[in-house]
Amino acid sequence: MTLHAEQFDSAAQQEEASTLGMWTFLATELMFFGPLFFGYHYGRTHFPEGFAAASRHTDIMLGTINTAVLLTSSMLMAIAVQARKMNAMRLASRMLFFTAASGAIFLVIKGTEYWKEWHEHLVPAAGFAFSEPRHADAAELFYFLYFGMTGLHALHLIIGIVMVVVFALGLSRDDRRFAAAERIEVAGLYWHFVDIVWIFLYPLLYLVGRSNG
């Protein structure tokens, strides 16, 4: 028998409330990313050549690999959610651990990219130097937004990794009440949200300059 909290009439009602709560939370999260996306739109429309030049200095190979890693993690999370609904506890736990590992791989790759950009003097207000002087100001704005967007995304991913690992540990201990199916599904919504944000960031930061030559 599926357990549910006493304030709910049924497990289905509890699941609907949990899902609605997460969707509401994700809507508020857009307030964090919204100003950065607006700033990017402003810079892209007012300094198109400068933004395109700066974009061409991003590491498209690492960005593409990280995109593939996150898409794979979303697939693993979807499998984990379905496995938990089918009470396949061991499979669900493994898929959650693999999901968290994929997130960690993403962060390692992103950290490598940050390290490379630091040594190329592409970090704003830290000895920023751009190889095309006439676009230097626009490029610095681009990289200010780049680090703001990707840094905020990384923070959300870290939160997601911790959450997923906690639920994976709960499933490995067969704690069905703590790692309930609706909680895993809500965690999945959060994880997919983080992935979707990256799907928007990838073309904006890595591809726009290259599409313009």
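Helices here are DSSP runs of H or I with at least four residues, strands are E runs of at least two, and both are numbered from the N terminus.

**Entry 1: overall layout.** I read along the sequence and found the pattern α-α-α-α-α-α. My tally is 6 helices and 0 strands. I number residues from 1 along each chain as its sequence is written. This is a predicted model, in which local features need pLDDT of at least 70, side-chain atom pairs count only at pLDDT 80 or more, and totals for chains, interfaces and linings use all residues; side-chain values use heavy atoms, with hydrogens and water left out.

**Entry 2: confidence.** I looked up pLDDT, the predictor's confidence in each residue, from 0 to 100. The mean for the protein is 87, and 85% of its residues reach 70 or more. Where pLDDT is low, the predicted coordinates should not be read in detail.

**Entry 3: helix α4.** I followed α4 over residues 89-119, which is 31 residues. From first C-alpha to last, α4 reaches 45 Å, close to the 45 Å expected at 1.5 Å a residue (the expected span is 1.5 Å times one less than the number of residues). Just after α4, I found His 121 with a positive phi of about 60 degrees.

**Entry 4: the core.** Which residues have the most contacts inside the largest nonpolar core? I found Tyr 40, Leu 96, Phe 130, Phe 142, Tyr 143 and Leu 205, in a core of 55 residues. Such a core is a set of buried Ala, Val, Leu, Ile, Met, Phe, Trp, Tyr and Cys residues joined through side-chain atoms within 4.5 Å. Buried means under 20% relative accessible area, exposed over 50%, and partly exposed in between, with a 1.4 Å probe and protein chains only. The largest share of this core, 16 residues, comes from α5.

I then checked Phe 130. Leaving aside neighbours within four places in sequence, Phe 130 is in contact with Ala 53, Ala 54, His 57, Leu 122, His 135, Ala 136 and Ala 139.

**Entry 5: Phe 33.** I found Phe 33 in helix α1. Why does Phe 33 count as buried? Phe 33 counts as buried because its relative accessibility is 3%. Not counting residues up to four places away in sequence, Phe 33 touches Met 149, Leu 152, His 153, His 156, Phe 193 and Val 197. Phe 33 and Val 197 are 164 residues apart in sequence, yet 8.7 Å apart in space, C-alpha to C-alpha.

Terms used:
Contact = heavy atoms within 4.5 Å.
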